[in-house]
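Take a walk through this structure, one pair of elements at a time. Keep the sequence beside you.

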Amino acid sequence: MSRSGPPHTATVRVDHHSAVHLAAATAREVARERGLPGALPDQAAVIASELASNLDKHASDGTLYIQPTPLGTGVEILAADRGPGMAELERCLADGYTTAGTLGVGLGAVSRLATHFTIRTGTGSGGGTWACARLTPPGEREAGLQDVGSVCLAVEGEEECGDARAVVQAGEIRTAAVVDGLGHGPQAAEAARVALRSFLGDPGLPLPEVLTAMNRVLRRTRGAAVGLLRLGPEGAEYCGIGNVRALTLTHEGVQHRLTGQPGVVGWSMPPPRAHGFPVPPGATVVLYSDGIDCRWARDPSPSLLRLPPSLLSAALAHGHRRLRDDATVLATRSPHTPRLP
């Protein structure tokens with residue numbers, strides 16, 4: 001069984017060249033906290049530095065999101081911006097190609113150093129570039145390949161995040177949780193941590209029982225909204241209380257929009273009910289807290305629909321986050337279906 005309940009995401013806004021140094025230092029620190037061996041923390045710093053430098057030179061409204069990988073013990077560095085996009089992406093990935101009068105080794109170096117590197121770009125009205133570089137220790141390459149992505153952001157001005165999320169992989173079954181502690185700040189963060197510990201204690205239970213167990217342990221906290229997802233060969237189940245939403249994305253659009261039952265886990269929780277739904281091959285299921293503006297799902301752009309889970313989570317957090325609330329996105333494809341581009 002593989003499981004992960006990573007802390008919230010570190011963000012580095014690239015609005016000045018000095019952010020390049022901050023990005024490198026942050027990535028090195030996260031890698032060391034994860035216990036990555038040998039030169040891997042320094043490699044994480046180089047990857048973050050190159051991605052931040054690329055944002056500084058070429059992009060507008062660029063941000064790096066640095067965190068543990070959703071599964072396993074690696075580190076991932078996500079980059080997102082609002083344009084202008086890359087008209088010739090393959091050329092941009094080749095060493096020696098530059099539009100800024102530099103040596104042109106940035107994205108090529110990232111691709112070589114990262115265990116896995118994914119990048120997509122859009123031009124025109126859907127412009128922007130999204131990249132995910134994952135660095136995993138020896139023996140964990142497959143964890144880096146998992147089709148799951150997540151970003152968890154604290155409200156601006158707060159050091160602690162009132163949201164939390166976790167993913168557990170057991171054979172062909174993947175179970176995920178998104179928790180939104182009521183309000184924000186330390187008390188919301190404590191409620192989220194308590195809920196997550198309960199979830200990770202026995203994630204294989206039927207989803208209504210997982211919520212019932214959370215309800216018991218959250219009674220001495222301010223409570224939380226919780227969304228649970230289980231994916232397997234036969235489809236998916238969602239079980240939620242409160243304002244954590246779930247939906248399925250295919251290349252054609254949005255399907256299976258689900259919201260939690262009214263109530264608060266820990267205070268006024270009704271008997272929870274699980275809802276089953278099919279997941280077509282290659283589709284992505286998204287869980288997100290109300291720190292993400294739900295209007296993104298009314299008419300998502302074709303470029304957004306085509307993003308893999310790691311980049312989709314970054315794109316939604318970067319483009320649709322409400323700055324006055326904690327915000328979490330967790331996106332995943334079924335672990336038993338073939339990886340699609």
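Angles under 35 degrees count as roughly parallel, over 145 as roughly antiparallel, 65 to 115 as roughly perpendicular and the rest as oblique. Helix H6 (residues 186-201) and helix H7 (residues 207-217) pack at an angle of about 140°, their axes 9 Å apart. H6 and H7 are therefore oblique to each other. Val194, Ala195, Ser198 and Phe199 of H6 make the contact with Val210, Ala213, Met214 and Val217 of H7; contact means heavy atoms within 4.5 Å. By class, this contact has seven nonpolar, one polar and no charged residues.

The model is predicted: local features need pLDDT of at least 70, side-chain atom pairs count only at pLDDT 80 or more, and totals for chains, interfaces and linings use all residues. Residues are numbered from 1 along each chain as its sequence is written, and side-chain values use heavy atoms, without hydrogens and water.

Now turn to another helix pair. Helix H1 (residues 19-33) packs on helix H2 (residues 40-58) at about 150°, with axes 7 Å apart. That makes H1 roughly antiparallel to H2. The residues of their contact divide into 10 nonpolar, two polar and three charged. Among those on the H1 side are Ala27 and Arg28, while the H2 side includes Ala48 and Ser49.

Strands come next. Seven bridges join E5 to strand E6 (residues 128-135), and the two run antiparallel. Phenylalanine 117 stands opposite alanine 133 in E6.

Key:
Axes are lines fitted to C-alpha atoms, for helices over the stretch in contact, and angles run from 0 to 180 degrees between N-to-C directions. Helices (H or I, at least four residues) and strands (E, at least two) are DSSP runs, numbered from the N terminus. Ala, Val, Leu, Ile, Met, Phe, Trp, Tyr, Cys and Pro count as nonpolar, Asp, Glu, Lys and Arg as charged, and the others, Gly among them, as polar. Two strands pair if DSSP finds at least two bridges between them.
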